[in-house]
Amino acid sequence: IDATLREVVAELAETKNARLVGKHFHRVLTGFNLHTLRARLLSNALAIHLEQGCLGFATGRHLPASVFALRCRGRQLVIHTQRGRLLPGGVFDYIDGGAEDEITLRRNSEAVERLEFRPGVLRNVADVEISTTLLGKPMAFPLVLAPTGFTRIARSPGELAVARAAERAGVPYTLSTLSTRSIEEVAGAAGGRLWFQVYAWRDRGLLKAMLERAAACRYEAIMITVDTAVLGRRERDIRRGFTLPPKLGLDTLLSGALHPGWTWDFIRHEPIAFANVVGQSVGDGSAAVRLADYINGQFAPGLSWRDIEWFQEHWSGPIILKGIQTVEDARLAAEAGVDAIALSNHGGRQLDGAPPPLELVAPVADVVGDRLEIICDGGIRRGSDIVKALALGARACMAGRAYLYCLLYTSAAADE
């Protein structure tokens, strides 16, 4: 196998097209035993071969993402095999994947990487203060934990662990409507700043009841997701026939056997469901559903700017719009009187070809001024990324996948 890999890397060392590279690897390696191949792909020797060839792969597109996922950024090889090793392929792809060709997913990070700092020296940085305010309240540093649906699919502590971690860190946590812990459970587990993310359900009575529950539990703000009138075409999920929760079948059993840690955690805890709608007529996800079918059947595709007025009538606290992707819509949001916007393309999971949020920050800030606050959501991986967004005019940043990956290493007893 090593000899074959060296041959392939040598042949494709100058290739920049990840799709062609992946297809060639798939053709060359098809005949190898999967278990032997898995061990070899995760070896240091392969990492050296690939780094020498500077090869980048479209994650999960041509080889199972549970086997490996590689990305190349210039001459730096970034390997996130460890995350794939800890999760069944379908679950990993659900968390890691994006819409269609995943162009927007990649561009989110690339937009951040392209920006350079303009370092100023001799500025006396003996005392540095990174705390700030957002929606008029203090936060330890400018990061918001974004809403992620079905969080317990990563690890059973799920939203409770994330909310507790956010409280300790002094940053807001946004609970998803499609969370696997309820509004009340999360409020009981954590006393920090809690926001509630909402969709425009067809059933306005159900939506009104959710807002009332969030208000009763002292959630500070609501975040209305406005970019999911129709769910994006997430082709990794389609290829795998992925459902929430994962269906038990031959493929699931085989994948579960190869990921015993995740499987044991999954089967020994209570079933996963959409906790905020348990017992409602809309279905709570306790039976396996395809996410696209569920969202397209339950969420209102007719959502418009007039609906923002409905939310303002039924919610007395701050309102954030998540999913703004143009300067014009940012201007309309300011005119509508919302308190903040999240420049977001849903982590590249909705419309492939949408602009990276970071590229919108400066032009949006020029237009909206101080009429609302700007949150940059997409491609944020480390503190220096946050600095770039703030320098362009954002008030804070959001991250979701980051803490889902952290959950893979979390036990029920510790959620640091």
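**Stop 1: the cavities**

Start inside. This predicted model holds four cavities of 30 Å³ or more. Go to the largest cavity, with a volume of about 560 Å³. To find its centre, select Pro147, Thr148, His346, Gly347 and Arg349, the lining residues that lie nearest to that point. In total, 37 residues line the largest cavity.

What kinds of residue make up this lining? Colour by residue type and look. There are 18 nonpolar residues, 13 polar ones and six charged ones.

Now show the cartoon. Helix H6 (89-96), H7, helix H14 (291-298), strand S12 (396-399) and helix H19 (401-407) each give the lining of the largest cavity at least two residues.

**Stop 2**

Aspartate 96 belongs to helix H6 and arginine 236 to helix H11 (residues 235-240), so the pair ties together parts that are 140 residues apart in sequence.

Together with Asp96 and Arg236, they are linked in a network of salt bridges. The whole structure holds 16 salt bridges.

**Stop 2: one turn of a helix**

Select helix H10 (residues 204-216). Show the side chains of lysine 208 and glutamate 212, both of which lie in this helix. They sit four residues apart, about one turn of the helix. Their salt bridge has its closest N and O atoms 2.6 Å apart.

Lysine 208 is partly exposed, at 33% relative accessibility. Glutamate 212 is also partly exposed, with a relative accessible area of 43%.

**Stop 4**

Next, pick arginine 181 and glutamate 185. Their side chains meet in a salt bridge of 3.5 Å, N to O. Arginine 181 has a relative accessible area of 13%, so it counts as buried. Glutamate 185 reaches 36% relative accessibility, so it counts as partly exposed.

**Stop 3: a nonpolar patch**

Which residues make the nonpolar patch here? Select Val125, Val128 and Ile130: they make a patch of about 320 Å².

Zoom in on valine 125. This residue is in the loop between helix H7 (103-114) and strand S3 (132-134). Why does valine 125 count as exposed? Because its relative accessibility is 63%, and exposed means over 50%.

Note on methods
Residues numbered from 1 in each chain as written. Predicted model: local features only at pLDDT ≥ 70, side-chain atom pairs only at ≥ 80, totals over all residues. Heavy atoms only, no water. Patch = residues over 30% accessible without salt bridge, like charges linked within 9 Å, V, L, I, M, F, W, Y side chains within 5 Å. Areas by Shrake-Rupley, 256 points an atom, 1.4 Å probe, with all protein chains shown as cover. Salt bridge = Lys/Arg side-chain N within 4 Å of Asp/Glu carboxyl O. Buried < 20%, exposed > 50% of the residue type's maximum accessible area, 1.4 Å probe, protein only. 1 Å grid on protein atoms, 1.4 Å probe; cavity = no way out; pocket = protein on both sides within 12 Å on 5 of 7 lines; lining within 4 Å. Points joined across faces, edges and corners; volume = space filled by probe spheres on them. Nonpolar A, V, L, I, M, F, W, Y, C, P; charged D, E, K, R; others polar.
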